[in-house]
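Please find below my notes on the model. They are set out as numbered points, to be read beside the sequence and the structure.

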Amino acid sequence: MDSTAPGDPAIISTPAADGPATARAWAVAGLHCAACADSLADLLRAQPGVQRVDVGYAAALAVVHAPAAVQQGLPEAVRRAGFALAPAQPADAAELRRQEARTLLWRFFVAAFCMMQVMMLAAPTYFASGAEVPPDLRRLLHWGSWVLSWPVMVFSATPFLRGAWRSLRRRQLGMDVPVALGILITFGASTWALGDPTGQAEVYFDSLTMFVAFLLAGRWLELKARHAAAQALADLQGDEAAEVSRERADGGVETVSAERVQAGEVLRVALGEALACDAVLLDGPTQMDEAVLTGESLPVAKRAGDALLGGSVNLGAPVRVRVTRARHDSQGQRLAQSLQQALTERPGLTLEAERWAGPFLAAVLLLALGAGLGWLWVEPSRALMVACATLIVTCPCALALAAPAARVASARALARRGIVLQRLEALETLARVNDVVLDKTGTLTRPSVRPLQTDAPALQAAAQALASWSQHPMARALSRLPQPSAAPPWRWQSVAEQPGAGLRGLDPEGRAWRLGAPAWVEAVSADEEVALAFGREGEPARLRFRRDEEPVPLAARVMQRLRAQGLALRLLSGDRSARVRALGEELGMDAADGDCAPEAKRAAVQALQGQGRCVLMVGDGVNDGPVLAQADVAVAVGGASALAGRAADAVMLRAELSALPDLIVQARRTRRITRQNLAWAAAYNAAAVPLALMGWLPPWAAGLGMALSSALVVLNALRLAR
């Protein structure tokens, strides 16, 4: 709720001792502002062996690069400073968040309870002119209020006082500083007034306790919003098994930690169990729920030999799988790490805001001092309260939350749709995009096949039935062809797949057939344009299929939606110009250029940028590295292979384009809601500051306004998470 800068999550990258290091993500409790993130980074940097620290305030994450032995001692190293660390695993992070929320709720309860008691003691002075309450009774009521204020000062107000002390030790002006000054000045001046022998001096313990209670209420709402954003990481990692059933060499089964499983080992996965590692299905069929990884809402059918993603859930039947990647390198873990890194970065607007943070807060302190001195001449008895109210009301807490709350909420929503933001700053750029440049192969088109013979519908139906047993791109393309009419059904037996060659199966009469590479089916050299052949084993092929391609599902509709968003569309491909132009006309592209080498694609994007256009490049993330890096913002399509393309700002895990218009819409919504938040925060300060300077806004009302302003900003940003 208070920060050194009205911007996005703070990231602090700090070099330290040399040595082998691994990156580990920690969930953090005790982060209340970006200044807290600075302090935590300094503490972590001071530990021997730490090479780099990235701390994200909005997502409450710290990514530390250090040897494993150093990592183990980090929680104890920061505990005395008021921070808590837990591994960024779903169970550990959830427990840490629960404890943090519970502690803050207790602080609020103590402040609210004491506030009500203090207000009861102050009530006689509210309704009396002064003479009705004898001086000795008035002093007794004041002393009672002082006693009840101590729990608020010692327990409830601790986060604000500790945050201010950390900022001052670092010689910075954090937003906790004016809040802490207001609390201390109010309590100190009211305590001093207790020495008045007449008992007529004003005390402000009611305003103090009310102020702290309102601030804590706003901070609790903010904390719940940040915890909701952090849940995106837990959702992305999935409910991965902590323990798995591993087969021993003697055929027995043992229960071991998922962290001990290595590639090549065989696991048994029960019905309803989450897969701990990436693997290959040994026996099947089954169905896997991959929603948390790819955004696919329906279970995906899997057969023996199919690849399975770590983090997916087995919904079909108990199966055996062979591990292909250990848990730390699984798809779910890599996606979580990518999102973690994004949530700890600091976008460009934040860097600009941080340069103004110090001067802004210095101006706040000078304004409060000037208001207090001015009222000393007008009405000395009100000078203190006017200064405190000015300190409180000018704290730009809502400004500090406006951008990070919106960006983290958007990242959470996009992760649920199968889009991983590798850099949060991409949201700023996506909202400004004018041109969308798309690659063709692997992005707009997918492999397909075309039969060279059209007079054998029964054989084609047989080939398609056999192809349905494989997940190879060519086999899947064949199985997608329309089924020939009136073709009898084929039932294949003893189907086996030979990697790199094709499928072999027995027909109902026990005869062996082959479908696959022409040289494997016919045992002779084949036409280079023939992609698949089908025939009886040991005989010439009966059917041949030529390689072709087709637009990905909904490609035309996606292009239509992008044009409706006011975007210019351009197709760049290394394929032949005639094919590229034909596809461009079919999809309604504004321009389509073929025979483009990677450097030619890069030059084309550079030319658009030279005209002042903001360019989004969409590619497969493998062979489009130069142009993805050149574009203002880059999106990779295609799952795990796309994740390998570090040049991409965002990755669409499902190999289709249907989410691309949604990504643009979400970025524009993020910009719009961020502007709404900034406008509200600015309007609140513009209205409240004059009221405080004129003495019309008591400190408790200033605290209430600041808390409600911050809560409104957070709740408005949470609309993006839907």
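1. Helix α15 (residues 457-467) is largely enclosed by the rest of the structure, because 9 of its 11 residues are buried. Buried means under 20% relative accessible area, with exposed over 50% and partly exposed in between (1.4 Å probe, protein chains only). The buried set consists of Leu459, Gln460, Ala461, Ala462, Ala463, Gln464, Ala465, Leu466 and Ala467. Helices (H or I, at least four residues) and strands (E, at least two) are DSSP runs, numbered from the N terminus.

2. On provenance, the model is predicted: local features need pLDDT of at least 70, side-chain atom pairs count only at pLDDT 80 or more, and totals for chains, interfaces and linings use all residues. Residues are numbered from 1 along each chain as its sequence is written, and side-chain values use heavy atoms, leaving out hydrogens and water.

3. In strand β25 (residues 633-637), 5 of 5 residues are buried. Val633, Val635 and Val637 point one way from β25, while Ala634 and Ala636 point the other way.

4. β25 pairs with two strands, where pairing requires at least two DSSP bridges. With strand β24 (residues 615-619) the sense is parallel, over 4 bridges, and Met617 has Ala634 of β25 as its bridge partner. With strand β26 (residues 650-652) the sense is also parallel, over 3 bridges; here Ala636 is partnered by Val651 of β26.

5. Helix α5 (residues 135-156) packs on helix α7 (residues 176-193) at about 160 degrees, with the axes 12 Å apart. Axes are lines fitted to C-alpha atoms, for helices over the stretch in contact, and angles run from 0 to 180 degrees between N-to-C directions. The two helices are therefore roughly antiparallel (angles over 145 degrees; under 35 is roughly parallel, 65 to 115 roughly perpendicular, and the rest oblique). Trp146, Ser149, Trp150 and Met153 of α5 make the contact with Ile183, Leu184, Phe187 and Thr191 of α7, contact meaning heavy atoms within 4.5 Å. These contact residues comprise 6 nonpolar, 2 polar and no charged.

6. Helix α6 (residues 158-169) also packs on α7, at about 125 degrees and with the axes 8 Å apart; α6 and α7 are therefore oblique to each other. From α6, Pro159, Phe160, Leu161, Gly163, Ala164, Ser167 and Leu168 meet Asp176, Val177, Val179, Ala180, Ile183 and Leu184 of α7. This contact divides into 10 nonpolar, 2 polar and 1 charged. Ala, Val, Leu, Ile, Met, Phe, Trp, Tyr, Cys and Pro count as nonpolar, Asp, Glu, Lys and Arg as charged, and the others, Gly among them, as polar.
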